[in-house]
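Morning, everyone. I'll cover some aromatic rings, then a helix pair.

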Amino acid sequence: MAEQATPPNRPAASPEPPVDRPEQSPDPGTLRPGGRTARVRTAVLEAAGDLIAEAGFAGLDLAETARRAGVGKTTVYRRWATTTGLVADLLAHMAEESVPRTETGSLDGDLLANAELVRATLSDPRQGALFKAVIAAAATDPRTAEALHRFYRIRVAEWAPCVTAAVERGELPAGTDPAEVVRAVSAPLYYRLLTTPDPLTPEHAAAAARAAAAGARAGAYVRTPNGAA
């Protein structure tokens with residue numbers, strides 16, 4: 001799933017005294033700073049997302065990212081070190097800013113809300129292009145793949161309680177794997193995004209939600225004795 005809140009407006013550039021430059025984290029992309037450093041991080045990640053959406057992963061450049069963000073190049077090189085470190089932190093930031101789950105009180109309503117959120121995100125010109133580029137990069141770059149997998153683990157975990165609640169209400173069989181149901185909602189939408197030029201519509205989202213709900217009710221996602229769904 002790829003649900004992200006609308007990115008905040010990039011803060012205006014301001015002079016950056018050397019004494020206020022953030023320290024490089026032990027692993028670029030893992031620091032969660034506050035205050036002015038948080039504003040710098042937001043500006044840099046916004047600029048990085050813009051570059052990826054415009055020119056793909058290959059178009060991401062630390063110096064150009066710094067220029068667009070209005071911060072010093074030294075700050076960007078110290079803080080993120082590499083483009084893959086920058087992408088890792090971008091995905092972490094997206095997970096932090098993502099829209100929380102919607103709980104409607106029914107499995108059908110919850111899965112439809114999830115599907116519509118995925119559709120709206122992937123249909124956004126900037127976000128759709130960004131995810132296409134990062135997914136393509138993850139196919140050949142292990143660190144980008146690791147960061148992308150972590151992003152989706154966070155988003156699946158956010159929505160999994162909706163399925164757990166449906167099991168507790170008796171809407172789904174005992175032993176249903178919540179994560180598998182959530183993945184089943186977004187899988188058809190990603191397939192369409194990556195394999196067709198056609199826009200994603202609300203009807204596509206509704207169909208994905210219905211199919212996932214029907215499969216879950218039929219026991220398609222019940223864990224087997226070996227732990228697989």
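First, a term: buried means under 20% relative accessible area, exposed over 50%, and partly exposed in between, with a 1.4 Å probe and protein chains only. This is a predicted model: local features need pLDDT of at least 70, side-chain atom pairs count only at pLDDT 80 or more, and totals for chains, interfaces and linings use all residues. Residues are numbered from 1 along each chain as its sequence is written, and side-chain values use heavy atoms, without hydrogens and water.

Now the rings. Phe131 and Phe151 are both buried. How are the planes of Phe131 and Phe151 set? They sit at 50°, with ring centres 5.7 Å apart, so the pair is tilted. Rings of Phe, Tyr and Trp (its six-membered ring) pair if their centres lie within 6.5 Å; planes under 30 degrees apart are stacked, over 60 edge-to-face, the rest tilted. Phe131 is in helix α6 (residues 125-138) and Phe151 in helix α7 (residues 142-168), 20 residues apart. Helices are DSSP runs (H or I, at least four residues), numbered from the N terminus.

Phe131 also pairs with Tyr152, tilted again: 6.5 Å centre to centre, 40° between planes. Tyr152 is buried too. Phe131, Phe151, Tyr152 and Tyr190 form one aromatic cluster. The structure holds four aromatic pairs.

Next, the helix pair. Helix α1 (residues 35-55) packs on helix α2 (residues 62-69) at about 120°, axes 8 Å apart. Axes are lines fitted to C-alpha atoms over the stretch in contact, and angles run from 0 to 180 degrees between N-to-C directions.

Definitions and conventions
Helix = DSSP H or I, 4+ residues; strand = E, 2+ residues; numbered from the N terminus.
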